[in-house]
Amino acid sequence: MPNRSVTALLTAVMAVSMAQLFLVGALGPLLVSQAGVPRAVLGWTSTAGFAVAALLSLVAGHWVDRLGARRSVVALVGLAALALALIGLSANTPMLLAALALGGLPQALANPATNKIIMVSVEPGRRGAVTGWKQSGVQLGALAAGLPLAALAAWLGWRGVMWTAAAIAVIIVVWAVRSLPADTTPESIGQAALPRARVGRLAVFSFLLGCGIAAVNTYVTLFGVQELGLAPVVAAWLVAVLGLAGVAGRVGWSRRADRSGRAPAYLTLLAAGACLAALMVGAATWVPAAIWVAAAAIGAFGVAANAVTMVVVISQAHRGAAGRDSARVSAGFFAGFAVGPPAFGALIDLAGYGWGWLLVAAEFAIAAVVALPLRSRT
């Protein structure tokens with residue numbers, strides 16, 4: 001399978017694996033006004049999926065290493081389609097949360113399965129670029145949620161948008177079945193090149209990164225409507241801007257990190273940039289135009305940092321343990337996505353959005369400090 005075909009397919013897989021996160025964020029005002037979801041509970045919609053993803057990531061890597069990447073990709077996209085369809089059918093908040101929880105399973109499988117395909121199908125000199133594009137699929141999903149799909153809600157409603165996304169996922173299932181090579185005999189896991197302590201530090205870094213990114217994804221649209229006076233559709237464009245900048249950041253930083261051979265050294269820089277961007281979001285209360293620059297900066301720095309962690313794993317992990325190590329790092333990221341939004345929602349209900357954005361900035365700042373020792377071991 002040519003590199004371009006692999007890249008396109010894996011990008012689409014990553015986009016649909018986390019589509020529910022960005023759709024809930026982009027359609028947040030409609031969920032609050034039409035579906036009766038309380039503002040604070042909106043944060044728990046992210047927790048429902050990502051708590052499941054974080055827990056299942058502890059075993060998802062083992063499943064991928066044993067069952068094969070192709071079977072895992074087909075399964076995860078099929079489950080994503082089912083979860084999106086059930087979200088559209090939800091009649092109340094508990095049903096919505098249950099459907100979002102089901103969506104945690106494809107999220108847990110996404111990074112281990114796609115990283116494994118890259119290690120098997122792509123030559124080393126091209127892996128950084130393919131990884132960047134693959135990880136940017138998540139942000140392309142954000143772009144789709146914030147622009148065409150959010151606009152489509154004006155005609156189809158939020159339920160129709162979810163069903164449209166489910167239909168797209170079914171198309172990707174067919175594409176994967178027809179394109180990916182059959183799985184081979186499972187490899188021996190052997191000894192991973194990434195030491196356990198190093199994987200743990202990457203997981204902690206990813207947890208803090210996930211806390212901040214998830215809070216921004218979930219609440220930036222609502223912040224734009226409630227605090228800056230933006231129309232709901234216009235505010236949803238903030239998610240699209242974040243997504244577009246995230247695509248450029250993930251591709252650019254991943255390629256540069258891979259070619260330099262010093263991928264871990266980039267993590268502190270990117271987390272620090274995300275910290276400054278979060279402070280800029282808070283400053284938008286006084287300078288509303290800053291929100292657009294801040295959303296782009298969080299995509300270019302914070303979102304890109306997650307892709308660079310995957311470059312570290314792919315470049316250093318043993319091929320037979322790629323799924324396991326990818327899953328452990330992803331577990332930290334998903335745990336952050338589960339914890340970040342509800343903490344942010346509780347804080348803004350108690351003290352306002354200003355303190356919420358300070359919390360996000362602090363999470364990125366601590367992540368930058370956590371990554372510092374990785375530089376000396378490059």
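User: Taking helices as DSSP runs (H or I, at least four residues) numbered from the N terminus, in which helix is Val59 found?
Analyst: This is a predicted model, in which local features need pLDDT of at least 70, side-chain atom pairs count only at pLDDT 80 or more, and totals for chains, interfaces and linings use all residues. Residues are numbered from 1 along each chain as its sequence is written, and side-chain values use heavy atoms, without hydrogens or water. The run that holds Val59 spans residues 39-67, and it is helix α4.

User: Is Val59 buried or exposed, or in between?
Analyst: Buried means under 20% relative accessible area and exposed over 50%, with partly exposed in between (1.4 Å probe, protein chains only). Because the relative accessible area of Val59 is 36%, this residue of the model is partly exposed.

User: How far apart in space are Val59 and Leu109?
Analyst: Val59 lies in helix α4, and Leu109 is 50 residues away from Val59 in sequence. Taken from C-alpha to C-alpha, their separation in space is 9.4 Å.

User: What volume does the largest cavity have?
Analyst: A cavity is a set of points on a 1 Å grid over the protein atoms alone where a 1.4 Å probe fits but cannot get out. The model has 3 cavities of 30 Å³ or more, and the largest has a volume of about 100 Å³.

User: Which residues lie nearest the centre of the largest cavity?
Analyst: Helices that each supply at least two residues of its lining include α1 (3-17), α8 (127-179) and α13 (322-351). Of the 17 residues that line the largest cavity, those nearest its centre are Met18, Val138, Arg250, Asn306 and Phe333.

Key. On a 1 Å grid over the protein atoms alone, a cavity is a set of points where a 1.4 Å probe fits but cannot get out, and a pocket is an open set with protein on both sides within 12 Å along at least five of seven lines; lining residues have an atom within 4 Å of a point. Grid points are joined across faces, edges and corners, and a volume is the space filled by probe spheres set on the points.
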